[in-house]
Amino acid sequence: MTVKEKQTRVCTLLTHLTSVSKTVVPVEDRDPRLNGIGKLPQGELFSCFHEKGLAEATKLYETLYAAKDFEDFMNLAKQARTFANEGLFVYAVSVAILHRADCRGVTVPPIQEIFPDRFVPTETISLAQKEVANHPDKDVKVEIETTGNILDPEYKMSYFREDVGTNAHHWHWHIVYPATWKPEVMGKIKDRKGELFYYMHQQMCARYD
């Protein structure tokens, strides 16, 4: 299978994830390796800073990473997609894809394209959808709706806090260097992992002024 074919199949896992799955694989039909996945309900906020959610995500990415081949990986991911929390699923699948040898060359879609509603205000998305419906034969450009006002002192930092690239980079770094990475499980030692992780966050904080 070519990298392009793998890329196409991987992208199907990471589209239309902004709503709760309508088709869920019954518990009795699930692969036993996915036992314990689904504790964090769909629709809830996933954060890799929440211990329980991170533990479940770790279980899932270790399971996906250990899949015997690409087909096995895809089958496990397709099942998990129907009942795992959306954010947790994307995190785990992304970690697995970035580190599996048979996924080299496959690109994980940017997080802002997977969950645009977490980067762009709902009002802006609704306006864009309306414009597309009214002008289906044209490229549409809309102004992003702001989320604050100049009367709030905190609004002065919105250029940094709400920067799409900065937030996407922060997410990506947590995928490249998972906090729960276990060399004995993943079979790889990430040299200077803690040092590089700290340095990146220090550099982000240094620009927060």
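I began with the secondary structure, and the protein comes to 10 helices and 0 strands. I took helices (H or I, at least four residues) and strands (E, at least two) as DSSP runs, numbered from the N terminus. The model is predicted, so I kept to its cut-offs: local features need pLDDT of at least 70, side-chain atom pairs count only at pLDDT 80 or more, and totals for chains, interfaces and linings use all residues. Residues are numbered from 1 along each chain as its sequence is written, and side-chain values use heavy atoms, with hydrogens and water left out.

**Whole chain.** I read the order of elements from the N terminus as α-α-α-α-α-α-α-α-α-α. The C-alpha trace spans about 55 × 45 × 35 Å along its principal axes. I noted that 37% of the 209 residues count as buried, where buried means under 20% relative accessible area, exposed over 50% and partly exposed in between (1.4 Å probe, protein chains only). For contacts (heavy atoms within 4.5 Å), I looked at pairs with a separation of 6 or more: residues 24 or more positions apart account for 71% of them.

I looked up UniProt, where an unreviewed entry lists "domain: Hemocyanin N-terminal" at residues 39-105. UniProt positions are in the numbering used here, feature names are shortened, and annotations may be inferred rather than shown by experiment. Over residues 39-105 I found 64% helix and 0% strand, with the end C-alpha atoms 32 Å apart.

**Helix pair.** How do α3 and α4 pack? Helix α3 (residues 70-83) and helix α4 (residues 86-99) pack at an angle of about 170°, with their axes 11 Å apart. The axes are lines fitted to C-alpha atoms, for helices over the stretch in contact, and angles run from 0 to 180 degrees between N-to-C directions. I therefore logged α3 and α4 as roughly antiparallel (over 145 degrees; under 35 is roughly parallel, 65 to 115 roughly perpendicular, the rest oblique). Phe73, Ala77, Ala80 and Arg81 of α3 meet Phe89, Val93, Ala96 and Ile97 of α4. I sorted the residues of this contact into 7 nonpolar, no polar and 1 charged. Nonpolar here is Ala, Val, Leu, Ile, Met, Phe, Trp, Tyr, Cys and Pro; charged is Asp, Glu, Lys and Arg; the others, Gly among them, are polar.

**Cysteines.** I counted 0 disulfides, a disulfide being a pair of cysteine sulfur atoms within 2.5 Å. Cys11 is in none, and its nearest cysteine sulfur, that of Cys103, is 12 Å away. I put Cys11 down as partly exposed because its relative accessibility is 26%. Cys103 is buried, at 2% relative accessible area.
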